[in-house]
Amino acid sequence: MKIFIGSIWTETNTFSPLPTGYSAYQDVYLVHGGKHPPERLASAEPAQVFRRRALERGWQVIDSLHASAEAGGKTTRHVYESFREELLNDLRAALPVAMVFLPLHGAMVADGYDDCEGDLIARVRALVGQAALIGVQLDPHCHLSPAMVAGSSIIVMEKEYPHTDFAERAEDVFRLMEWTSQGRITPVMRVYDCRMIGVYQTTRQPMRDLVDRIRSLEQQAPTLSISIAHGFPWGDVPDMGTKVLVIADRDADHAAATARAVGRDLFALRHELIPQYLTVEQAMEAVQQALITRTDKPIVLADVTDNSGGGAPGDATHLLRAIFAAGFAGVLFGGLYDPQAVTIAHTAGPGARLEMRIGGKLGRASGTPLDVDAEIRWIGEAQQHFGVGEHRLHVPMGTAALIRAGGVDILLISRRKQVYSTDLFECAGVDPRTYRLVALKSSQHFYAAFAPLAQQVLYCAPPGALQLDFTSLPYQNIDRRKFPLLADPFTE
Ligand SMILES: [Zn+2]
């Protein structure tokens with residue numbers, strides 16, 4: 001059996017001022033002809049799981065392009081089209097194939113393409129024909145479109161946010177594809193549109209219970225798989241929104257009824273699901289209070305609206321400015337995206353004291369730069385890991401610098417990436433556990449690594465690119481019949 005694997009992966013914030021070009025893919029992951037590096041890198045994990053399983057069975061694997069960029073603004077038309085043609089050309093050369101595996105994000109938008117994944121899947125389907133199986137793994141922050149569903153045989157999404165289950169879900173796709181190829185199952189997919197916009201952390205209730213429940217529902221035949229497409233609120237495209245996708249064996253009515261039942265449960269929880277984020281003022285007050293009561297472990301404070309993982313610039317200064325003003329001692333802050341400041345710090349070298357202008361450069365959402373008297377504490381190459389335990393994946397971060405300014409240790413980074421793990425700070429020679437407050441740029445992916453060391457995790461939403469008041473986002477292309485734009489979109 002011959003199988004084909006390829007991937008073009010990014011999440012597009014259509015409100016972001018930063019275009020995503022070739023270098024954004026080069027910076028994160030860009031591999032031609034399946035020539036993966038030996039390290040286990042996050043961006044290639046599903047492909048590598050699938051490949052490993054296929055090789056174990058003695059199947060022939062044709063591996064093509066794998067291109068991943070950090071979330072940002074729209075990918076340029078030329079870059080998307082050239083990646084797509086490279087993948088399709090490799091596929092054409094490999095034909096006939098029995099299976100195609102496409103690990104994709106599902107919220108990629110390029111100039112001229114509102115639904116890159118739907119476009120890619122349809123073109124792959126046109127080449128391989130109806131008899132071949134196309135398995136797709138999507139990020140739950142996808143815009144699950146009719147084109148994606150129509151072109152695929154199997155779609156499975158990560159269930160957890162933070163996404164700690166990339167590998168497990170790749171195993172799911174592989175298993176369902178193998179069973180289908182053996183004639184053991186005939187998968188049918190149905191989607192229920194919940195008509196909601198939201199951000200759903202699976203580490204807290206009521207989402208935790210819902211995810212656990214769909215895991216047990218999956219064990220009940222003829223259900224094969226249940227995925228919740230959270231949707232990505234910062235993608236202003238027609239298919240944006242929360243949906244439930246169910247795969248059942250042969251029984252389309254069962255798939256549709258299950259999707260509807262799970263979707264209605266989710267809709268019923270819509271008010272409870274709204275995460276409670278603190279304003280900057282509330283966060284400073286909460287930190288102050290927490291510092292009085294407990295000092296043995298740090299408070300971890302997430303700067304959620306400037307998460308570059310959601311396409312934000314990563315250089316916003318709103319929260320750091322407030323921390324300076326509050327005058328807290330023992331603060332670690334990072335990573336602040338400022339490649340120019342990193343270069344200056346590297347030129348000056350460790351121990352140097354100099355005046356620096358940091359952050360606040362990339363757009364209105366970033367606020368204004370901070371002028372500080374800085375001491376360079378460390379310069380070097382940074383790295384971190386995504387996930388914990390055996391699924392820990394390496395994330396190179398390029399050059400970075402740790403400076404001390406206004407009593408705060410600030411990690412400046414030159415690669416626009418959210419904080420996933422403590423080793424991002426540890427490689428700069430500091431241990432987050434020894435600080436009283438650790439403020440970091442991430443919405444939720446930090447949680448798995450930082451929650452265990454924190455006395456308390458606080459989520460703060462300063463004014464920023466990932467505006468959380470969805471009613472005030474300047475949508476022009478979405479279907480607006482959605483909560484919270486409407487109180488009840490099914491009756492209004
Ligand atoms: Zn995601």
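How many residues of domain 1 are in contact with how many residues of domain 2? In this model, 24 residues of domain 1 are in contact with 22 residues of domain 2, two residues being in contact if their C-beta atoms, placed from the backbone, lie within 7 Å. The model is predicted: local features need pLDDT of at least 70, side-chain atom pairs count only at pLDDT 80 or more, and totals for chains, interfaces and linings use all residues. Residues are numbered from 1 along each chain as its sequence is written.

**Domains**

- The protein is divided into domain 1 (2-268) and domain 2 (280-467), with bounds that come from an automatic or database domain assignment.
- The centres of the two domains, taken over C-alpha atoms, are separated by 31 Å.

**Nonpolar cores**

- A nonpolar core is a set of buried Ala, Val, Leu, Ile, Met, Phe, Trp, Tyr and Cys residues joined through C-beta atoms within 7 Å; a residue is buried if 20 or more other C-beta atoms, placed from the backbone, lie within 10 Å of its own, exposed if 12 or fewer, and partly exposed in between.
- The largest nonpolar core has 151 residues, and V100, V244, L411 and L412 have the most contacts inside it.
- Strand 14 (residues 393-405) supplies the largest share of this core, seven residues; strands (E, at least two residues) and helices (H or I, at least four) are DSSP runs numbered from the N terminus.
- Domain 1 and domain 2 each contribute at least three residues to this core.
- Leaving aside neighbours within four places in sequence, L412 is in contact with L336, D338, A341, V342, A345, I358, A400, A401 and I403.
- A second, separate core of five residues includes V199, Y200, M207 and L273.

**Helix pair**

- E45, P46, V49, F50 and R53 of helix 2 meet F166, A167, A170, E171, V173 and F174 of helix 6.

**H105**

- H105 lies in the loop between strand 4 (99-103) and helix 4 (116-128).
- H105 is buried, as 23 other C-beta atoms lie within 10 Å.
- W9 and H105 are 96 residues apart in sequence, yet their C-alpha atoms are 5.2 Å apart in space.
- Apart from neighbours within four places in sequence, H105 is in contact with W9, T10, E11, L138, D139 and C142.
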